[in-house]
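Please read these notes with the model open beside you. They go through side-chain packing, ring pairs and charged pairs in turn.

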Amino acid sequence: MTKVILMRQLVCVLVFLFSVLSFSQNTKKEKIYEFNYLLEYSSTGGECFDKKCKFFKLINSNDNTYNLTFYNKGKDSFNLYFKDLYNYFSNAEILKTDFVKPDTLDFKCGYKNISRNGYANEIVELDDSYKLNYHKLKDTVINGKAAVKFAPIRKRRLKRGKIDVDDFVVIENNPEFKKINFNNYFELEQWNKSKLDFEGLLVFRKIKVTNRNLKNFKLKLVNTVKFKKVLKLTVDCE
């Protein structure tokens, strides 16, 4: 009788362990990104060369550490470029119907980890002369709304007393957007280090390009729409 009881207990323990192990194997760690605004931008020059480009950007008005940019790719699909500026990035192509219909986009393991080693890391951390300070130029009005023009100035150039007005951003003063929607890690870090307390939306940008293969370009916000979408990543992929 005792052997039977012990055998039953052993079977129960094995079943419990098996269920726990199975559950742990089937449960993936996921990272959720919520978006609440859709922005439409147009740009001329830069990577567009002589053409006029239009692209869209999903952002979170309270968190500027990630964004999802997408372009038309043919008639039926979008080319998506997701950035978690501190952790992950991903390129994907998706049918427009598959993008618009579901509330959640599941990228699963379709991403890469961001590496900050090498040249880019050296620029940000070691070359102090390259570090920027967002310098306020003047208050302005764009699209009938109050805005502020900022020039990202290298420290070396600022010491010489020269401000390059051919390279600047215009940010609409808007309390709905708690964090400025910069596009890359470097710009975000330099803005944070400038310790500017400003709520708003990036609505215009002009850049003087020194690369001969590219041309000077202007970036302009065309439209802003409230748009809810969720993106999900499985972050414990082997």
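1. A residue is called buried under 20% relative accessible area, exposed over 50%, and partly exposed in between, using a 1.4 Å probe and protein chains only. By that scale E199 is partly exposed, with a relative accessible area of 30%.

2. This is a predicted model, in which local features need pLDDT of at least 70 and side-chain atom pairs count only at pLDDT 80 or more, while totals for chains, interfaces and linings use all residues. Residues are numbered from 1 along each chain as its sequence is written, and side-chain values use heavy atoms, leaving out hydrogens and water.

3. In soluble globular proteins, nonpolar side chains tend to be buried together. A nonpolar core here is a set of buried Ala, Val, Leu, Ile, Met, Phe, Trp, Tyr and Cys residues joined through side-chain atoms within 4.5 Å. The largest such core has 27 residues, and F150 and W191 touch the most other members. Elements giving two or more residues to this core include β1 (30-46), β2 (52-60) and β12 (215-234). The largest share, five residues, comes from β11. Helices (H or I, at least four residues) and strands (E, at least two) are DSSP runs, numbered from the N terminus.

4. Which residues does W191 touch? Leaving aside residues up to four places away in sequence, they are Y134, F150, I171, I180, F182, L196 and F198. Contact means heavy atoms within 4.5 Å. A second, separate core has 19 residues, among them Y33, F78, L80 and L105.

5. A pair of aromatic rings is described by the distance of the centres and the angle of the planes. Rings of Phe, Tyr and Trp (its six-membered ring) pair if their centres lie within 6.5 Å; planes under 30 degrees apart are stacked, over 60 edge-to-face, and the rest tilted. The whole structure holds 19 aromatic pairs. F35 and Y66 are edge-to-face, at 5.4 Å centre to centre and 80° between the planes. F35 lies in strand β1 and Y66 in strand β3 (residues 63-73), so this pair ties together parts 31 residues apart in sequence. Both F35 and Y66 are buried. Ring pairs also link Y33, F35, Y66, F82 and F107 into a cluster.

6. What kind of pair do Y41 and F55 form? Their rings are stacked, 5.6 Å centre to centre with 20° between the planes. Y41 is in strand β1 and F55 in strand β2, so the pair ties together parts 14 residues apart in sequence. Y41 is buried at 2% relative accessible area, and F55 counts as buried at 11%.

7. Side chains of opposite charge can pair when their charged atoms come close. A salt bridge is a side-chain nitrogen of Lys or Arg within 4 Å of a carboxyl oxygen of Asp or Glu. By this rule there are seven salt bridges. In one of them, D106 meets K232 with the closest N and O atoms 3.8 Å apart. D106 lies in strand β6 (residues 104-108) and K232 in strand β12, so the pair ties together parts 126 residues apart in sequence. D106 counts as partly exposed, at 35% relative accessibility.

8. E199 and K178 also form a salt bridge, at 3.7 Å from N to O. E199 is in the loop between α5 (185-194) and β11, and K178 in the loop between β10 and α5, 21 residues apart. K178 is partly exposed at 38%. Salt bridges that share partners join E30, D106 and K232 into one network.
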